[in-house]
Structures are given as C-alpha cells and as structure tokens.
Amino acid sequence: MRIIAAVPQTLPRNAELAERFELLADLLELDGADAFRLAAYRRAAARIREAAVPVAQLALDGKATRLSGIGGTIEAKIVELSETGDLQALAKLRDKLPSGLVEVMHVPGLGPKTARKLWEELGVDSLDSLRAAAEQERLRALPGLGAKTEEKVLKALSAPARRSADTGRTLLGRVLGAVRQAVEEIEGSGLADRVSEAGSVRRRRETVRDLDLIATAADPPALTAFLAGRPWVAEVVAHGPTKATVVSHEGLRFDLRVVPPESYGSLLQHFTGSKHHNVALREEAVRRGLSVSEYGVLETESGETFQAADEDAVYARLGYAWIPPELRENGGELEAARNGSLPALVELADLQGDLHMHTDWSDGRGTLEEMAVAALERGRRYVAICDHARRLRDGRLEQQTEAIAALRERLPKLEILGGIEVDIRADGSLDMPDDVLAGRDWVMASIHSGFDGPRERLTERLVSAMENPHVDCIGHPTGRKINRRPPYDLDFERVLEAAVETGTFLEINAQPDRLDLMDSHARAAAEAGAGIVISTDAHRVHELDNLELGVAQARRGWLTKDQVVNARSWKQVRKLMKS
DNA sequence: GCCGTTTTCGGCCCGACTGTTTTCAGTCG
C-alpha cells in the first residue's frame, strides 16, 4: 500500500499563514539573511493576518498579489502551504538551526545576532540551556555581553511563564476609563498645557499593551513627578525629567512623555503610530526629499526643519489631510488622505438607537425598566429588548411583551421595541417558530453552540438563518472572543454575499471581548453593501456605555454614518428591513 | 522580497537606549 502524503483537508487560516511567515522571517534572521527580505515576510504576515478574506484561497486563485506587500514569491509560498501544509524553505532552515533558538531570540534584550552567537559559541539551543549558561556566568565570556546581560536574561526567564494564549495585551474596554482618568488628572494638575492619549489606545486598537500619554509643560520634571506620585501608582519603572513609566495597581503600564510645545504635533503623530503607518508615511516623504522624525519634518536639500505644534500641520506639510487615528494602520489611508477621499467616519453621537440588549427576563442583570431608563439617559431614542428565546417559552414572551407595552406608557420619549435573540441551531433552524418571530419588532439570530464544526456547516447555518424572512440581523457573526477563542471557521465571503442578497444586517457587537465583526470584516461588509448594526449586547446597565467601543471598531473599519443602520431613526431603519 | 512621480534595478524610516565599549552593535518602538 502506498502512503499518500497528508494533504490538509481545509485551507490554512490567515492567522496560521501569518504565523508560518513570521517563523520563516525569524529563522532567516537567525540565519543572517538580508534584513529587507525579512521585513518583506513580516510585512506580508501582518497583511495576511488582518485580511478579511481567506488569503489561502486568494493565492490559489492567483489573486493574492493584489494585497500590497505580497508578490509572486510569497503568493507561491502561500499556495505551497495550502497544498502541502509546509514550506521547503522552512524545512531547510529547521535542519540547519535548533528549534529552540527562535525562543532564545525572543527573550527581551536578546535578538537574532546575540542568539546566534550564544548557539555557536556556547551551544545554547533552548531557553533551558540559556538559563544554565546564564546561571554559570558563561555569557560574560562573549564579547559584547557582560554581567548585566546575564542578570537581565535570568530575570526575563524567571518572569511568570506566559501562556501562549496570553498575548500580554489588555482589552481596550478595560483600559479606556483609566486612560481618561489619567489624562484628566494631568490636566487638572495645573502643570500641563496640553495632554493627549497616544499609541494604540488613541488608535482604538481592540487590545493594547502600554498606555501612551503625551503632554507639554513649562516645568516637565514637575509633571513626571506628579504622575509618579499618583496614589494609584503601584510601581515607578522609570522616572526622568521628561519621561515617566509607571504601573498601576491594576497592572496597567502608563508611559508619559513631556515634550516642547513647538514639536507637540510631530511627537503626537509619532507616538500615535502605527508603526506601519509611520514607516509608509516616511518612505513616501523620502521620495519627496523630506525626512520625517518625531522632532519635525526635515527638508533634506535645504536642511530646514519644519516643526509642528499641531498634528494636522504635520500631515499638511507632507501633503495629506489629517487622518483619524483609527485609520492609521497603512491600510490605504495615506493614499486617501492625499487625494481627498478619506471617509467621514461614523461618530458615537450619530447613533440613535441600540438594537441588542438583555434584561433579567433572560440572562441580563438589569430589569426592563432599569435598562430602558439607562439607555434614555445615554441619549438613545430607541432600544430593542432582545432576550434569549430559550428563556421566553411557556407564555413568558407574551408576558414580557405586555411589560414592554406598560413601560412604553411610562417612558414616552423612548421607543422600546419588542425584540428577541434566537439561537441558530446546528441544522440552521431557529429556536423559535416563524409565526412568533413574525410578531416581533426586531429579530437577532446568533450562534451560541457548536462552534467547531466544519466551515461548510457553520457557513450554511448562518446563510439559512439569513434566508429566514423574519431575521433582521446576525449577532456577533464570527463568534470570536478576544484572547480566548478564535472565530468560527467561516466562508466569510459567502456570508457577506448572503447578507447582501437577503438584506440581513450584520452586527458589530460592542462587548469588549467580542468586537465582532472585527475591523477588516466590517470594512469588507460595508464595501459589499451589507448594512451594519452597532449594538452593545448589554447584560447590565453600565454595559450600555460599550457602544463607543463598537463605534471605534466601525471607525477602524472605515465605516461612514450611512453604512451604519442604527445611525438612523427607527422609522428609517424599518424601511431598510427586509420584512 | 517588494515596489515604482528615481518604474524592472536599486533602493527600502528614524531615533533612543543599553551595555558594552573607547566609537559602536544590537535591540526596541
């Protein structure tokens, strides 16, 4: 009997492809390959990771090179990975280098050059042998390394083991309040002239690592001392005249930089990032004879430096319109800012209603009245009460409908809709009969079980739910939980197609650990013409505030007000609904 | 390896910090 090589049954996911190219880049770097080649693999990995469609399929169709950063060579490698599950280039490097060396290279303070040297000179080929060598003080024998390096390595290795699932990044929703408080305190200190959040928080990335703050001050050391002395600071990591790094009792790491007023704009631009955005911005500037740094824009020929007190002046000097931070990921925003086609992004104030929330009629903690009043206080004009259908059997749905009618009398300023959230079962059917759904004002349908089925089945479950004439919107369409659970294996293009064909809306669920649709999916969905609903899925009163997280995600997905269904009055929403 | 207002070759962002060095390589963001 002939042994047939294992062929992967399903195509590799984008995240899997990205990991392979990151590993390839790491191994090539250890092997001393050309730095630009590595950068190309890493750039491609980032592009693949954030793509909204399966890049493996794209490559098989010969269309992957449409993504910037992916050329013929990498496309061929994606095809190879899809067909054989591996890369010859990777196999070759694995033969040449010990498998543990990549981990050694990732120890903070070490890098590819040092890792390679440790292996060649001391035989270090894993974290274990690195620890042994450091403990035996053998690292200091190498040129360029000393006692300090040994100390640093041992400290890094003794740090609590980081589980692979723990990416070290915190949910945006868990830090936003703390960042705002820090900004307010700095403003209130009287020591700062201007203060701003920066970094990934300002870009509203769904997860963040460090919390960056920028300020100007007449007396910078007084301001850094002020931050270091806050009562919520548990540890002062670094504290100099213009910079302080502190860790709060909650474990959040704040980084404050105090800068001269005349370069505030350049520094804010620089520290907001993203790295990819800045690299692309600077590359294009170089072609125009300009050199951009955090201190200003240098005209190479004349030697003159343009300093910008405001961020929009930096962009203007380089020929761009000001770019909203949420778009600064090198996803086409520079081109759009140059030719005047940046989208007018949706804003929190545009949203008129919240079409997905729960009460204590199912698994919510707030009462119907508490949730409605809280929504009204937050400026919503309509809400859809969408308790789980499985908790509303045996006449409870009718009772809730009466309770909603009674509440409407008491809260005439809020339109309270009798909605429902139905489960999409394994066979694609819903857990409430059609005649009941026909009587609801608003129907959300979501998958809550059977996440790990094959791609075809999960896709078909969603498609058949969308084909139901009473289903208005699909809740948390990909099912991912950030840092905890990957999305279902879906043919997202097919889902989009069905959403457009059937007129079913797709949700951006604003729960901090869902944010589902994610940014790239939301962008693809809106471009395809699907209606997007941003909702909180709130289970308690304070979760109604999460709407801004959903709006941030929508903005990262380039969405305009027009593309967001609930940026309309309920009357207008009804005209867009299929039923 | 990718890419093009320097278009199919020759470029590819910029600066700070660290630990180790007497001028810098490596690492980091």
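Q: Which helix gives the most residues to the surface near DNA strand B?
A: In this predicted model, local features need pLDDT of at least 70 and side-chain atom pairs count only at pLDDT 80 or more, while totals for chains, interfaces and linings use all residues. Residues are numbered from 1 along each chain as its sequence is written, chains are lettered from A, and side-chain values use heavy atoms, without hydrogens and water. A residue is near the strand if one of its heavy atoms lies within 4 Å of it, and helices are DSSP runs (H or I, at least four residues) numbered from the N terminus. Elements that each supply at least two residues include α2 (35–50), α4 (72–84) and α14 (275–287); the most, six residues, come from α14.

Q: What percentage of the atoms of DNA strand B within 4 Å of the protein belong to sugar or phosphate?
A: These atoms of DNA strand B belong either to bases or to sugar or phosphate. The share of sugar or phosphate is 76%.

Q: Which residue has a polar backbone atom 2.6 Å from a phosphate oxygen of DNA strand B?
A: Thr73 places a polar side-chain atom 3.3 Å from a phosphate oxygen of DNA strand B, and for a backbone N or O atom of Lys113 the distance is 3.5 Å. The polar backbone atom at 2.6 Å belongs to Gly71.

Q: Is Arg555 buried or exposed?
A: Arg555 lies in helix α23 (residues 547–556). Buried means under 20% relative accessible area and exposed over 50%, with partly exposed in between (1.4 Å probe, protein chains only). Because its relative accessible area is 16%, Arg555 is buried.

Methods. Polar contact = N/O pair within 3.5 Å; in protein donor to acceptor, adjacent residues only side chain to side chain.
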